[in-house]
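Q: Please go through this model and say what stands behind each term used for it.

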Amino acid sequence: MTHPWDRVIVGGLVFDGTGAPPAVEDIAIKDGRIAARGPDLDRTQAETVIEAHGEWVMPGLLDIHTHLDLEVEFDPALREVVRHGTTTVLMSNCSLGLAYGNQRRNGEDPLVDCFARVENMPKPVLRKVAERASWTTSAGYFSHLDDLPLGCNVIPLIPHSMLRAQVMGLNGSVSRTAGEADLRGMEELLEQAMTEGYAGFSTDSLPFHFLSEDPNRRVKIPSQFGQYKELKRLTAILRRNDRIWQATPPKDKPLAVFRNFLLTSGRLHGRPLKVTAVAALDVAANRSLKKLAMILSHLFNSQLLKGHFRFQALAAPFKVFWDGPINPLAEEVPALRELNELDLEDVDGRKALLKDTAFQARFSKMWMTGKTGFGPARFKRMMKMESLAFDRDFEQMIFHSGGPEIWTGESFQQVFDRYRAWRVDPAFARTHAEQGVFERLPDTAATEAGFVLALFEEFDLGLRWWTVSANRDPETIRELINHPLTLPGFNDSGAHITNMAFYDGNLRALKLAQEEGLERVASQIRRLTREPADFLGVKAGRIELGDCADVTVVNPEALARYDSEAGSRFIWREDYGHEQMVNRSDGVVTTVLVAGEPVYAQGDFTPAAGRTPLGRALRHESWSGGRQTKPEALAAE
């Protein structure tokens with residue numbers, strides 16, 4: 001018997017992504033597209049029926065800040081995002097990506113050099129990717145993505161650091177000012193990428209992003225060397241083509257932040273430039289940042305300036321794990337950065353540095369700045385106006401593993417207090433293992449800074465601990481992700497693989513919305529689907545008739561019970577050959593369809609995942625030429 005529909009999803013509470021109230025209805029799918037919607041569709045007309053009674057049915061969710069350019073090479077199904085209901089991801093953020101392949105020339109290795117410290121990716125993993133990245137053009141990258149058996153849709157950007165390295169060479173891009181020929185070369189490549197359908201361009205100005213290979217370990221990544229003139233000329237191409245600029249602010253230079261982001265202004269430049277900026281907004285060490293960010297957002301989007309500007313907001317506490325001294329936050333602190341400059345395998349180098357008395361003095365001075373005495377630093381700390389994201393608060397630094405088992409879940413302050421008491425009376429050691437560690441610590445460990453250094457020397461990278469540097473207040477998180485001038489995002493999926501995992505950021509946002517009722521859920525689904533898709537200019541996030549059938553089904557009861565922190569864990573990735581931190585939201589998402597085919601169902605991936613090309617490498621909606629994506633039936637947009 002021939003059925004007019006391939007499958008029908010029946011009985012679910014459907015959120016269409018517009019923000020409108022949900023309705024119980026059925027959704028029929030044919031040839032990968034939405035064929036019919038309405039109550040009580042004739043299920044006998046479908047080859048397969050998916051029961052969704054009591055569940056939420058919605059367009060597939062978008063993750064707008066990822067570094068999955070690397071992960072997609074190992075796992076084209078992108079299982080770690082799909083399992084959480086995400087069906088479209090924006091890649092190549094923060095000026096880093098694979099648009100021009102591995103770019104290995106003259107002994108340079110840009111992928112390894114740029115990604116290792118900025119995104120805390122182990123060099124062996126990066127070298128594996130570089131070996132596979134054989135294309136040399138942005139068109140070649142799209143062709144490569146088209147050929148992968150994608151499990152969800154991917155949207156690549158043109159990354160600024162890689163663009164500069166392509167034109168100037170990696171060493172040239174960080175050692176000399178771009179001349180007119182260099183600028184024209186970058187403009188030509190970016191303009192070409194726009195004709196190929198790229199959704200936009202990403203830059204990075206955070207002052208603590210450094211290269212990782214000799215001789216440039218103390219040199220910032222190429223995007224940091226782009227002058228304002230360069231930025232203005234390149235973003236003019238985006239403005240003409242209605243593409244996005246994804247940026248991070250030069251946070252220690254307020255005037256530069258204002259000048260750069262003023263490029264969004266349609267009043268000043270003829271038409272608005274779409275800008276999405278990444279910054280931790282609710283930083284514990286600096287409470288003024290959120291207020292300043294919101295003031296800037298209102299100003300840039302005002303009738304005065306007529307911009308189109310959105311900060312990205314993370315729907316979770318910014319909880320980051322440290323492997324000893326290794327962590328992205330450490331790069332902002334010069335004394336900690338010295339330890340991060342060394343390769344992960346360089347145990348002897350770290351030990352030598354930790355024993356160096358001059359380094360110990362630098363570290364101690366840094367650690368105690370603002371904690372004692374009087375003066376501007378003390379005042380800033382008391383008023384929560386410090387410039388560093390890591391606030392060096394022992395109460396907020398929590399042991400996870402690697403030390404004595406009794407330390408797990410305890411704060412540095414608790415263990416430090418016990419150690420100092422033990423120095424007076426050994427009976428204060430709670431276990432033999434703890435006593436053994438205390439006995440090995442040097443006398444210098446009696447100070448805060450000395451205690452940290454002693455632990456780093458004792459355990460090296462084996463000591464895993466965590467801190468929450470931003471988004472400590474759930475109500476502030478809720479306020480930020482619901483603000484009309486932000487976009488829920490900054491999940492950083494696929495980066496910092498042992499430091500943090502926010503693959504489930506969209507589910508966390510839905511859970512917060514659920515606590516306020518279905519009206520808020522409908523609004524939040526719009527902000528996770530149609531709104532970012534429209535901002536990026538891609539055809540995704542919709543389930544109207546004729547739309548590509550990317551659909552997510554969520555169990556609301558399981559979502560209400562979901563504890564993301566309990567679902568985070570470290571796993572061994574055989575394809576990486578390395579450990580990775582991930583999330584597990586088993587039971588919350590019951591079904592994920594991409595191009596009308598189930599990729600994830602009832603807690604497991606289907607045989608199609610990673611074998612059949614279901615996801616698409618999405619071009620900007622204005623793109624109409626060049627090679628079409630697979631499958632052919634879905635390519636003609």
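A: Helix H15 (residues 357-368) has twelve residues, which at 1.5 Å a residue should span 16 Å, and its end C-alpha atoms are 16 Å apart, so the two agree. The expected span is 1.5 Å times one less than the number of residues; a helix here is a DSSP run of H or I with at least four residues, numbered, like strands (E, at least two), from the N terminus. This is a predicted model, in which local features need pLDDT of at least 70 and side-chain atom pairs 80 or more, while totals for chains, interfaces and linings use all residues. Residues are numbered from 1 along each chain as its sequence is written, and side-chain values use heavy atoms, without hydrogens and water.

Q: Which residues of H15 are buried, and what puts them on the same side?
A: Phe-359, Phe-363, Met-366 and Trp-367 are buried (under 20% relative accessible area; exposed is over 50%, partly exposed in between, with a 1.4 Å probe and protein chains only). They cover an arc of only 95° around the axis, which places them on the same side of H15; the arc is taken from the directions from the helix axis to the C-beta atoms. An α-helix has 3.6 residues a turn, so residues three or four places apart point the same way.

Q: What does the face of H15 turned away from its buried side carry?
A: That face carries the exposed residues Thr-357 and Lys-365.

Q: What covers the buried residues of H15?
A: The cover includes helices H13 (334-340), H14 (347-355) and H19 (448-459), where contact means heavy atoms within 4.5 Å.

Q: What makes a space a cavity, and what a pocket?
A: On a 1 Å grid over the protein atoms alone, a cavity is a set of points where a 1.4 Å probe fits but cannot get out, whereas a pocket is an open set with protein on both sides within 12 Å along at least five of seven lines. Lining residues have an atom within 4 Å of a point.

Q: How many residues line the largest pocket, and which helix gives the most?
A: The lining has 42 residues, with Leu-206, Lys-251, Ala-279, Ala-280 and Leu-289 nearest the centre of the pocket. H12 gives the most, with five residues. The volume of this pocket is about 960 Å³, that is, the space filled by probe spheres set on grid points joined across faces, edges and corners.
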